[in-house]
Amino acid sequence: MAYDTDNVFAQILEGKMPAHKVFENEHTFAFMDIMPVSVGHTLIIPKAEAENIFDLENEPGSEVFKTTKKIAHAIQASLKPTGLILTQLNGTDAGQTVFHYHMHIIPVYEKMPLRMHGKEVEDSDALAKTAKTIEQAVKDMDSG
């Protein structure tokens, strides 16, 4: 399958679709998942066109990893989860629903069960608040 330049993440990168941004640099964009598994569920995407890991060049992949690590640290510092799940899906049979490479950071909290992904859209105000919390933690880490 050829990369679909009209997929929802490509539209977010072009500013055609809204997103609750957590972090952006010249190579990557991190934002809140609108159907989160837990509070703080964040997606990291490359600005390069790649449907899955098989299409992703090494340099954009390296940049996604660097941003994933940065955001994971910010989530740990600001939201205080007791664990983190990092996941990345490739292909329909693996559960991929948006065909632009992306990494999930899913915070895990003691005594807070994970929700089913893709079942319920989160309140926009709640997503915006969490995005600001994580974004501030990134800024604090970068300045300190």
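Predicted model: local features only at pLDDT ≥ 70, side-chain atom pairs only at ≥ 80, totals over all residues.
I started with Phe9, and it is buried at 6% relative accessible area (buried is under 20%, exposed over 50%, partly exposed in between, with a 1.4 Å probe and protein chains only). Numbering runs from 1 along each chain as its sequence is written, and side-chain values use heavy atoms, with hydrogens and water left out.

Next, the rings. I got two aromatic pairs, taking Phe, Tyr and Trp (six-membered ring) with centres within 6.5 Å; planes under 30 degrees apart are stacked, over 60 edge-to-face, the rest tilted. Phe9 and Phe31 have ring centres 5.3 Å apart and planes at 80°, so I logged them as edge-to-face. Phe9 sits in helix H1 and Phe31 in strand E2, so this pair ties together parts 22 residues apart in sequence (helices are DSSP runs of H or I, at least four residues, strands of E, at least two, numbered from the N terminus). Phe31 is buried too, at 3%. Phe29 and Phe31 have centres 5.5 Å apart and planes at 40°, so that pair is tilted. Phe29 is buried as well, at 8%.

Then I looked up the largest pocket: about 480 Å³ (an open set on a 1 Å grid over the protein atoms alone, where a 1.4 Å probe fits, with protein on both sides within 12 Å along at least five of seven lines; lining residues have an atom within 4 Å of a point; the volume is the space filled by probe spheres set on the points, which are joined across faces, edges and corners). Of its 26 lining residues, the closest to the centre are Phe9, Asp33, Ile34, Leu43 and Val98. H1 gives the most to the lining, three residues.
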